[in-house]
Amino acid sequence: MIFSYVPMFGIIIAFKNYKISTGIEGIFTSSWAGLTHFKELINDYNFPMLVRNTLVLSVLKIIFSYPIPILFAILLSEVKHVFLKRFVQTVSYLPHFISWVVVTGIAYSFFSSGFGIINHLLQTLHLVDKPLDILTNPNSYWGLAVSTAIWKEAGWWTIIFLAALAGIDPSLYEAAEIDGAGRLKRILYITLPGLKNASIVVLILTIGSMLGGGLVGSNFEQAMLLGNTLNSETSQIIQTYAFNIGLAQGRFSFATAIDLMQSVISVILIFTSNAIAKRVSGTGLF
């Protein structure tokens, strides 16, 4: 209520010429601007690039980050050694608690062209003649962003699917094994159907938060920390544009308009994906 609903009255400044110097009172007393800030965003020459970068990065994260926790949960469920299973699970979700500032530092330690471990190893093995510019090459940013996000968050989301697997009746596996079903068939006909409801709910939530990074929602943090002037043509997204142009320059009305547009699109995506899921599978979030 305090952090999500009460602040929503501030959305009105997206349609006004608000100045921070007028304080809270200015939210109601500022002059109306109508759709001026929205039109300014759409007509901005950077808008096509911002939309492209945001959508491509978000779609790539959904494609690669969504199935990995499911597959990883299935693999862990097949491990019979209890200590090994718990050890691997713990190690896999620990990166979730590491801040993106630290993750960026790790990325620099590995991929820096000057002192990165990867470049040093490749040159030592004579696989490359000169260091790879992974951190500054625009063509490398999307791959770097997706891979680091998966490394950080995949283990955490695996917990949800492991919980869903724990709810499957063990007698189903025993009966299938007696009937001669191998491990692969037990996974196909028992494990995967048992993950159906959890997978659909997670997918709906992922699509709804797609513009923020989906399952591994981290577009803004990555763009701010891994982005630079050399790779800005692929790293700059709508959220960083709202921060740099809107908040950093004190244009709060413009920044609010950008975020409001993104929020409306996200709500539409949630309702659309939920409706499609209910029609196709009979299961939805609501």
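This is a predicted model: local features need pLDDT of at least 70, side-chain atom pairs count only at pLDDT 80 or more; totals for chains, interfaces and linings use all residues.

Student: Fine. What does the secondary structure of the chain come to?

Tutor: The chain has 15 helices and 0 strands.

Student: And what does the C-alpha trace span along its principal axes?

Tutor: About 75 × 55 × 30 Å.

Student: How many of the residues count as buried?

Tutor: The chain has 286 residues, and 39% of them count as buried. As for contacts, take those between residues at least 6 apart in sequence: 64% of them join residues at least 24 apart.

Student: OK, helix pairs. At what angle do H3 and H4 cross?

Tutor: Helix H3, residues 47–65, and H4 cross at roughly 15 degrees, and their axes come within 5 Å. An angle under 35 degrees counts as roughly parallel, so H3 is roughly parallel to H4.

Student: Which residues make that contact?

Tutor: On the H3 side, Ile62, Ile63, Phe64 and Ser65; on the H4 side, Pro67, Ile68 and Pro69. By class, the contact of H3 with H4 has 6 nonpolar residues, 1 polar and no charged ones.

Student: What about H4 and H5, how do those cross?

Tutor: H4 covers residues 67–77 and H5 covers residues 82–93; their axes come within 10 Å and cross at roughly 160 degrees. The cut-off for roughly antiparallel is over 145 degrees, so H4 is roughly antiparallel to H5. The crossing of H4 and H5 is left-handed.

Student: Which residues make the contact there?

Tutor: H4 contributes Phe72, Leu76 and Ser77, while H5 contributes Lys85, Val88, Gln89 and Ser92. Those residues divide into 3 nonpolar, 3 polar and 1 charged.

Student: Switching topic. Which residues touch the most other members in the largest nonpolar core?

Tutor: That core has 19 residues, and the ones touching the most other members are Ile70, Phe161, Leu165, Leu195 and Val202. Two or more residues come from each of these elements: H4, helix H8 (138–166), helix H10 (183–194) and helix H11 (196–208).

Student: Which one gives the most?

Tutor: H8, with 5 residues.

Student: You listed Phe161. What does Phe161 touch?

Tutor: Not counting residues up to four places away in sequence, Phe161 touches Pro69, Ile70, Ala73, Leu195, Ala198, Ser199 and Val202.

Student: Now single residues. Is Thr104 buried or exposed?

Tutor: Thr104 counts as buried, because its relative accessibility is 8% and buried means under 20%.

Student: Where is Thr104 found, and what is Thr104 in contact with?

Tutor: Thr104 is found in helix H6, residues 100–111. Leaving aside neighbours within four places in sequence, Thr104 is in contact with Leu225 and Leu226. Leu226 is also one of the H12 residues that meet H8.

Student: And the loops? Where is His126 found?

Tutor: His126 is in the loop between helix H7 (117–124) and H8. His126 has a positive phi of about 60 degrees, although His126 is not a glycine. At 70% relative accessibility, His126 counts as exposed.

Student: Last one, Ala248. Buried or exposed?

Tutor: Ala248 counts as exposed, at 59% relative accessibility. Ala248 is found in the loop between helix H14 (238–247) and helix H15 (252–281).

Student: How are the C-alpha atoms of Ala248 and Gly282 separated?

Tutor: By 46 Å, with the two residues 34 apart along the chain.

Definitions and conventions: Residues are numbered from 1 along each chain as its sequence is written. Side-chain values use heavy atoms; hydrogens and water are left out. Axes are lines fitted to C-alpha atoms, for helices over the stretch in contact, and angles run from 0 to 180 degrees between N-to-C directions. Helices (H or I, at least four residues) and strands (E, at least two) are DSSP runs, numbered from the N terminus. Angles under 35 degrees count as roughly parallel, over 145 as roughly antiparallel, 65 to 115 as roughly perpendicular and the rest as oblique. A crossing is left-handed if the near helix is turned anticlockwise from the far one by less than a right angle, and right-handed if clockwise. Contact means heavy atoms within 4.5 Å. Ala, Val, Leu, Ile, Met, Phe, Trp, Tyr, Cys and Pro count as nonpolar, Asp, Glu, Lys and Arg as charged, and the others, Gly among them, as polar. A nonpolar core is a set of buried Ala, Val, Leu, Ile, Met, Phe, Trp, Tyr and Cys residues joined through side-chain atoms within 4.5 Å. Buried means under 20% relative accessible area, exposed over 50%, partly exposed in between (1.4 Å probe, protein chains only).
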